[in-house]
Amino acid sequence: MSNSTPSDRGAERSVNRPGMNVRRGVCLVLAAAPGGGKTSVSRALLDSEPELALSISATTRPPRPGEVEGTHYFFRTQEQFDAMAAQGELLEHARFLGRSYGTPRAPVMAALQAGRDVLFDIEWQGHRQLKARMASDVVGIFLLPPSMAELERRLRGRATEAEEEIARRMEASREEMRHWDEFDHVLVNNDFAACVAEARAVLHAARTHRTRQPGLGALVESLLR
Ligand code: 5GP
């Protein structure tokens with residue numbers, strides 16, 4: 001017990017409170033079959049959640065029309081990518097349709113410590129690695145398409161892709177969907193607005209998890225004093 005007066009203790013608390021309440025950010029992984037609506041849902045999440053930032057991946061695939069270096073991906077040669085992986089600069093990495101994809105580690109760690117949330121648009125192997133390495137940070141959402149016909153329709157809507165590429169992506173979609181049960185939350189994307197609302201609800205609930213509020217013990221102690 002300190003000798004301070006109640007008003008001193010109040011001042012102490014108000015000084016400490018901001019520091020005590022700095023929460024740890026959430027690693028929100030959004031996975032889906034290609035064409036499952038992941039990009040639209042993640043865009044809507046980022047637009048509506050100012051504390052959420054997208055993790056920009058490195059990849060060895062070439063840019064699609066309109067994709068910008070450092071905004072959509074960091075486009076790297078295989079040699080550059082392998083060097084990043086060898087130097088431990090990637091939090092996870094995986095092969096997808098013959099190309100490498102990986103998450104740069106440093107921006108994620110900085111964001112989590114500062115209490116900012118990070119959104120990962122990655123596939124199941126990356127999610128599995130993140131879960132293994134950062135179990136208490138990661139919350140996984142898997143988006144299911146309402147039907148395979150709808151999935152194919154969306155894939156065909158990407159005018160830039162050739163027939164052969166669509167077939168490969170459909171197979172990749174099936175492979176992705178086989179891993180639905182590794183995720184904490186599963187949403188069926190048949191109503192876009194509802195899906196976004198549900199994903200936001202998952203994020204909001206994750207923020208208040210006691211393990212993300214390291215100052216809670218001290219706060220409760222001070223409340224009980
Ligand atoms: P796309 O080539 O269509 O941009 O992405 C192909 C797949 O790779 C998507 O499922 C996407 O979510 C995934 N992906 C993108 N970045 C990463 C990453 O950093 N790590 C992993 N494991 N997958 C990624």
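Setting aside neighbours within four places in sequence, Cys-27 is in contact (heavy atoms within 4.5 Å) with Val-108, Leu-112, Val-118, Phe-120, Met-134, Asp-137, Val-138 and Val-139. The model is a predicted one, in which local features need pLDDT of at least 70 and side-chain atom pairs count only at pLDDT 80 or more, while totals for chains, interfaces and linings use all residues. Residues are numbered from 1 along each chain as its sequence is written, and side-chain values use heavy atoms, with hydrogens and water left out.

Cys-27 belongs to the largest nonpolar core, which has 20 residues; Cys-27, Val-29, Val-108, Phe-120, Leu-130 and Met-134 touch the most other members. Such a core is a set of buried Ala, Val, Leu, Ile, Met, Phe, Trp, Tyr and Cys residues joined through side-chain atoms within 4.5 Å, where buried means under 20% relative accessible area (1.4 Å probe, protein chains only). At least two residues of this core come from each of strand S1 (27-32), helix H4 (105-113), strand S7 (117-121), strand S8 (138-144), helix H6 (148-157) and helix H7 (163-177). Helices (H or I, at least four residues) and strands (E, at least two) are DSSP runs numbered from the N terminus. Another core, of 19 residues, lies apart from it and includes Ala-44, Leu-119, Leu-187 and Cys-195. In soluble globular proteins, nonpolar side chains tend to be buried together.

An N or O atom in the side chain of Tyr-101 is 2.5 Å from an oxygen atom of the ligand. For Glu-123, a polar side-chain atom lies 2.6 Å from a ligand nitrogen atom, and for Arg-169 such an atom lies 3.1 Å from a ligand oxygen atom. On its own the ligand has 510 Å² of accessible area (Shrake-Rupley method, 1.4 Å probe), and the protein covers 94% of this.

Arg-207 is placed in helix H8 (residues 192-207). The residue is buried, with a relative accessible area of 14%. Its side chain is joined to that of Asp-117 by a polar contact of 2.7 Å; the term denotes N or O atoms within 3.5 Å, one able to donate a hydrogen and the other to accept it within protein, and residues adjacent in sequence count only if both atoms are side-chain atoms.

Across the chain there are nine helices and nine strands, and buried residues make up 42% of the 225 residues.

Note on methods. Buried < 20%, exposed > 50% of the residue type's maximum accessible area, 1.4 Å probe, protein only.
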